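Morning, everyone. I'll take a few minutes on one model. Please have the viewer open.

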Amino acid sequence: MIFKQLFDQETWTYTYLIADPVSKDAVLIDPVNTHIENYIALLESHGLQLKYTLETHVHADHITAGGLLRQRLGAQTGVSQLCGAETADIQIQDGDVFEFADGELIKVIATPGHTPGSISFLWRDRVFTGDSLLIGGCGRTDFQGGNAGAQYDCITQRLFTLPDETLVYPGHDYQQRWVSSIMQERTTNPRLAGKSREQFIDIMNNLNLPKPRLIDEAVPANRYCGLDENERQDAIVLRDETLPLRITTKTEDLVAAAKQQITEVTVEQAKQLLEESNIALVDTREESEYAAGHINGALLLPRGVLEFKIGSLPELADKSKTILIYCRTGGRSALAAQTLQQLGYNNALSMAGGFEAWKSSLTS
Ligand SMILES: N[C@@H](CCC(=O)N[C@@H](CS)C(=O)NCC(=O)O)C(=O)O
Ligand SMILES: [Fe+2]
């Protein structure tokens with residue numbers, strides 16, 4: 001597996017990349033908007049496909065790159081449902097499990113206190129605690145609905161009960177420390193080790209920290225996955241209110257849900273449509289697949305960059321035009337047709353069986 005701890009020195013924020021070099025699935029935890037180009041370059045350098053961006057909470061001190069990464073790469077954004085970030089694709093709940101690559105699991109542990117929607121992510125032997133538990137400290141609880149008692153309870157009952165050797169990767173560190181462990185924090189964290197709930201609450205109520213510099217800008221932006229005001233309206237349109245808010249982790253589930261909402265046509269029907277009318281034909285596979293062979297006249301529009309690139313294709317400017325989409329076997333094209341519907345195209349059709357079915361119809 002690929003694991004990288006990235007650092008934003010402006011806000012002392014840690015971002016984490018977890019990826020599988022075989023399946024190419026990648027996940028980013030707490031990405032920062034100013035680093036978007038670095039993330040894209042990093043993903044590209046390993047040939048990775050970003051599947052999810054996950055937030056530990058609605059941050060007060062920096063703006064997330066989640067919304068931009070959705071626009072640019074099609075990655076789904078995940079934020080706790082208690083964060084009030086309604087444009088996030090996945091409204092995360094305690095106990096949710098994100099599956100990626102071949103059986104890699106990221107488990108969600110609700111750790112409220114710094115904010116009501118703060119969560120931690122457990123992957124293999126490491127836990128990403130956001131600002132719930134920091135190295136030798138913890139996130140403040142004096143704004144954004146913070147609650148010191150809740151923070152004490154979740155740290156002592158949920159995080160400190162993980163195996164001692166579990167590595168703790170925090171959301172920030174203001175002294176250039178990178179990683180800790182559950183045992184180290186349980187036994188040495190000055191706010192928690194040997195402290196009662198009352199003592200902890202007393203400490204937290206007397207920190208007297210200045211307000212984060214960017215709070216007035218960051219909190220509202222992060223509730224829209226970091227998008228600025230001009231982009232928010234689009235984000236609302238993109239979010240499909242008819243999809244369940246619960247997470248669907250398996251691609252097959254997403255495809256099955258998409259197929260309920262879109263219209264599929266057979267290869268024979270597709271051929272007829274192409275002969276009879278002026279429709280747009282879209283190949284939504286990757287560039288390399290397209291280069292290896294495609295249906296004559298098809299426009300290349302890979303699903304991962306669909307929302308991002310569609311505006312540059314004049315053939316797709318008319319949203320009432322019939323658009324026939326295909327991929328290799330019909331899964332990605334169903335998802336792409338669904339996305340087009342969400343973008344306001346009312347005649348997007350997916351070709352069942354994809355290019356494979358098309359090729360066998362020519363030889364049979
Ligand atoms: N000086 C920083 C303060 C950042 C801050 O308050 N960070 C929050 C997390 S969002 C916190 O809990 N800090 C804990 C601490 O400073 O001990 C800024 O202006 O951004
Ligand atoms: Fe925070």
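Start at one residue pair: Ala110 has Ile119 as its bridge partner in S9. Keep in mind that this is a predicted model.

Now widen the view around that pair. Strand S8, residues 104-110, runs antiparallel to strand S9, residues 119-123. Five bridges join the two. Val108 is in the picture as well, opposite Phe121 in S9.

Is S9 mostly covered or mostly open? Mostly covered: four of its five residues are buried.

Next, the other partner. S9 also pairs with strand S10, residues 126-130, through three bridges, again in the antiparallel sense. Here Phe121 stands opposite Phe128 in S10. The hairpin of S9 and S10 has two residues between its strands. Look at Arg124 there: its phi is positive, near 50 degrees.

Zoom out to the sheet. Six strands make an open sheet, ordered S7-S8-S9-S10-S11-S12, with mixed pairing. Which strands stand at the edges? They are S7, at 97-100, and S12, at 180-181. Each has a single partner strand, so one side of each lacks a neighbour in the sheet.

Last, the overall layout. The chain is divided into domain 1, 2-238, and domain 2, 251-363. Taken over C-alpha atoms, their centres are 36 Å apart.

That's the tour. Over to you.

Notes:
Residues numbered from 1 in each chain as written. Chains lettered and ligands numbered in written order. Predicted model: local features only at pLDDT ≥ 70, side-chain atom pairs only at ≥ 80, totals over all residues. Domains from an automatic or database assignment. Pairing = 2+ DSSP bridges. Buried ≥ 20, exposed ≤ 12 C-beta atoms within 10 Å, placed from the backbone.
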